[in-house]
Amino acid sequence: MAKVNLKNIDKSFGETQVLHGVDLDIRDGEFLVLVGPSGCGKSTLLRIIAGLEDTTGGDVYIGETQVTDVEPKNRDIAMVFQNYALYPHMNVYDNMGFGLKLKKTPTEEIKQRVEAAAEILGITDYLKRRPKELSGGQRQRVAVGRAIVRNPAVFLFDEPLSNLDAKLRVQMRTEIKKLHAKLKTTMIYVTHDQVEAMTMGDRIVVMKDGYLMQADAPLELYNRPANKFVASFIGSPAMNFLDVKVDVKDGIQFSNDQLHLKYPGSDHTGLQKYAGQEVTLGVRPEHLTLSAAGEGIEAQLEVSELMGSESYLYTTVGEAQIVARVQGAHQHKTGDQLNFRPQFEHLHFFDLESGARID
Ligand SMILES: Nc1ncnc2c1ncn2[C@@H]1O[C@H](COP(=O)(O)OP(=O)(O)OP(=O)(O)O)[C@@H](O)[C@H]1O
Ligand SMILES: [Mg+2]
């Protein structure tokens, strides 16, 4: 077990800088998820921690040791890749034990460790099979098993579930969480799937274009996104945004061509500073409630998706697209006018220019 500290990490490939001054302290035993859109630098950052990629600037610490120039094999980490990278000609047992064999670990100890890991992962019956004789999920377990037998200080996962079908992904996601609860080893897990991030992470780091946007507990990201990017990335369907003008004459009020809302209470210190200016108002689909005509936000229905217990109503409000997630099955027709009342305690506000959260 070990903490991992990243200090001001820069990375360029030729002229292109793909990581910008990344500072991150990962606690000993933490399950940390790195999430962000394709190309934002997640794998690069993970590979830098593993030592598979050099840094252009900054330092990596594992435990108390500065490892920036230490070889991957001497970093006490184990990495699980998206494609599993199993040896096709070796059976499961040999695949799992191979790393230990290279380190000249005694045969009896290899046997004990492989059998223990196989037991944890429920693959004891497959130890004699080759990878091609296994399902995707079983191969995935072998790849995790190969990491476990090394008993590393830190596990690194790079999208290990992305080759699995939806059902198996959900199952393996739970298994990896259980594994973490059992081993209590530091795990750093890369995904571009925000649901995976929300359900697995003790803490989530949202990245964009090589910058860290926010590092926080899942619910904190959901409840208090630091900026418009994080707000739109976490949550499905995504948060709705409307540009509105702020008036503070008689309490706080918001308006644009389609809506006029009165904010209960006038003690929003952040908004006071935006009097007479525009801000971006954010509201999640689950925080809109259908209301009486003439009340709240006026919207035109485009499509409704009936999910059974709830409905997703896709609407337009002027130029903006607004999705509402309401309880029950709602039979509305395209073109119907709907009114929504936002739950005021769940409104978010962002600076129109920078996208930064206004508190
Ligand atoms: N060896 C390389 N040479 C040049 N550019 C690279 C190299 N590896 C990665 N990049 C670039 O660095 C950026 C970050 O890549 P990276 O693989 O870290 O993204 P990612 O967040 O893991 O994306 P994905 O979700 O698609 O896996 C990308 O723009 C990519 O094109
Ligand atoms: Mg990647």
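**The ligand shell and beyond**

Modeller: Around ligand 1 stand Phe13, Val18, Gly36, Ser38, Gly39, Cys40, Gly41, Lys42, Ser43, Thr44 and His192, a residue being counted here if its C-beta atom, placed from the backbone, lies within 6 Å of the molecule. This is a predicted model, in which local features need pLDDT of at least 70 and side-chain atom pairs count only at pLDDT 80 or more, while totals for chains, interfaces and linings use all residues. Residues are numbered from 1 along each chain as its sequence is written, and chains are lettered from A and ligands numbered from 1 in the order in which they are written.

Sorted by class, the shell holds 3 nonpolar, 7 polar and 1 charged residues, where Ala, Val, Leu, Ile, Met, Phe, Trp, Tyr, Cys and Pro count as nonpolar, Asp, Glu, Lys and Arg as charged, and the others, Gly among them, as polar. Helix α1 (residues 42-50) makes the greatest contribution to it, with 3 residues; helices (H or I, at least four residues) and strands (E, at least two) are DSSP runs, numbered from the N terminus.

Turning to the strands, β3 (residues 31-35) runs parallel to β9 (residues 203-208), joined to it by 4 bridges, and strands are said to pair if DSSP finds at least two bridges between them. Within this pair, Leu32 lies opposite Arg203 of β9. On β10 (residues 211-216), β9 has an antiparallel partner, with 5 bridges, and here Val205 is bridged to Ala215. The two strands β9 and β10 make a hairpin with 2 residues between them, and Asp209 in its turn has a positive phi of about 50 degrees.

Leaving aside residues up to four places away in sequence, Lys7 touches Asp23, Gly58 and Asp59, contact requiring C-beta atoms, placed from the backbone, within 7 Å.

On the scale of the chain, the domain assignment, which is automatic or from a database, gives domain 1 (4-232) and domain 2 (240-351). Their C-alpha centres lie 39 Å apart, and their contact takes 4 residues from domain 1 and 5 residues from domain 2.

Conventions: Two residues are in contact if their C-beta atoms, placed from the backbone, lie within 7 Å.
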